[in-house]
Amino acid sequence: MRILVIDSSIRENSKTRMVLNRFLAEMNNNRDIEIDTIYLNNNPYLMPLNDCLLAKRDSDCYNKRFYDDYYCFAKKLKSCDALVIAAPFYDLCFPTILKCFIEQTLVYNLTFVDDEFGVKGIINCKKLIYLSVRGGVINDYNNVDIATPYLNGYKNMLGIKEFYTLSYSCIDYPELEKKLEEDIPLFYKKCLYEYNANN
């Protein structure tokens, strides 16, 4: 099983990275899992769209020319079995670097196509797993979380079947560490272990 991991944490002591590292440790216990981790912060292959790059991408998509480094993330996504995204909650959503990654992986004729019925993903990935820590009180009732529905739309556009989330709000390091010891084994079993056991 090939898992692509996207770490979009910015701070070195990020609580979201703490969650991710504990989840990675759980995955590393399984020898049948191959993990490829991409760190987005200061990544030289991350390229925000501008007018020149957009024109080039449009031409490449039309001609199915996906040879340069701009498409390296999309190619990795196309071949993975599961995608893990770790992203802190910033200003209603996630860091801008993750938005850039999403733009670089939504590539017509490489990761999705469309027809008269709408868009259709053409990637192998079957699961999207979203890990996050939020500094404030973010829940289903205050309607300030744009990140989760955004990633759900990303999942739908790519044809990914399953979406799992694990998030924490207003939590300090000792409490988070304790919660992770309790939660991560169960969360891993829920979203990855059963899939791996049946394949």
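Is Cys 61 buried or exposed? In this predicted model, Cys 61 is buried, its relative accessible area being 7%. Its sulfur has the sulfur of Cys 72 as the closest one from another cysteine, but the 15 Å between them is too far for a bond. Cys 170 is partly exposed, with a relative accessible area of 45%. For the sulfur of Cys 170 the closest cysteine sulfur belongs to Cys 93, and at 18 Å this too is too far for a bond. A disulfide would need the two sulfur atoms within 2.5 Å, and a search of the whole structure finds zero disulfides.

Charged pairs are present, however. Side chains of opposite charge can pair when their charged atoms come close. The structure holds twelve salt bridges. In one of them, Glu 103 and Lys 99 meet with an N to O distance of 2.7 Å. Both residues lie in helix H4, which covers residues 96-105, and they are four residues apart, about one turn of the helix. Lys 99 is partly exposed at 29% relative accessibility.

Another salt bridge joins the side chains of Lys 127 and Glu 162, at 2.6 Å from N to O. Lys 127 belongs to strand E6 and Glu 162 to strand E7 (residues 162-169), so this pair ties together parts that are 35 residues apart in sequence. Lys 127 counts as buried at 3% relative accessibility, whereas Glu 162 is partly exposed at 28%. Elsewhere, salt bridges with shared partners link Lys 56, Asp 60, Arg 65 and Asp 68 into one network. Within it, the side chains of Arg 65 and Asp 60 meet at 3.3 Å, N to O. Arg 65 is partly exposed at 35% relative accessibility, while Asp 60 is buried at 4%.

Strand E6, residues 127-134, also contains Ile 129. Ile 129 is buried, with a relative accessible area of 0%. Leaving aside residues up to four places away in sequence, Ile 129 touches Phe 23, Leu 83, Val 84, Ile 85, Tyr 164, Phe 187, Cys 191 and Leu 192. Phe 94 is 35 residues from Ile 129 in sequence, and their C-alpha atoms are 15 Å apart.

Lys 120, in strand E5 (residues 118-121), is exposed at 52% relative accessibility. With residues up to four places away in sequence again set aside, Lys 120 touches Phe 112, Val 113 and Met 157. Lys 120 and Pro 185 are separated by 65 residues in sequence and by 33 Å in space, C-alpha to C-alpha.

Definitions and conventions:
Residues are numbered from 1 along each chain as its sequence is written. This is a predicted model: local features need pLDDT of at least 70, side-chain atom pairs count only at pLDDT 80 or more; totals for chains, interfaces and linings use all residues. Side-chain values use heavy atoms; hydrogens and water are left out. Helices (H or I, at least four residues) and strands (E, at least two) are DSSP runs, numbered from the N terminus. Buried means under 20% relative accessible area, exposed over 50%, partly exposed in between (1.4 Å probe, protein chains only). Contact means heavy atoms within 4.5 Å. A salt bridge is a side-chain nitrogen of Lys or Arg within 4 Å of a carboxyl oxygen of Asp or Glu.
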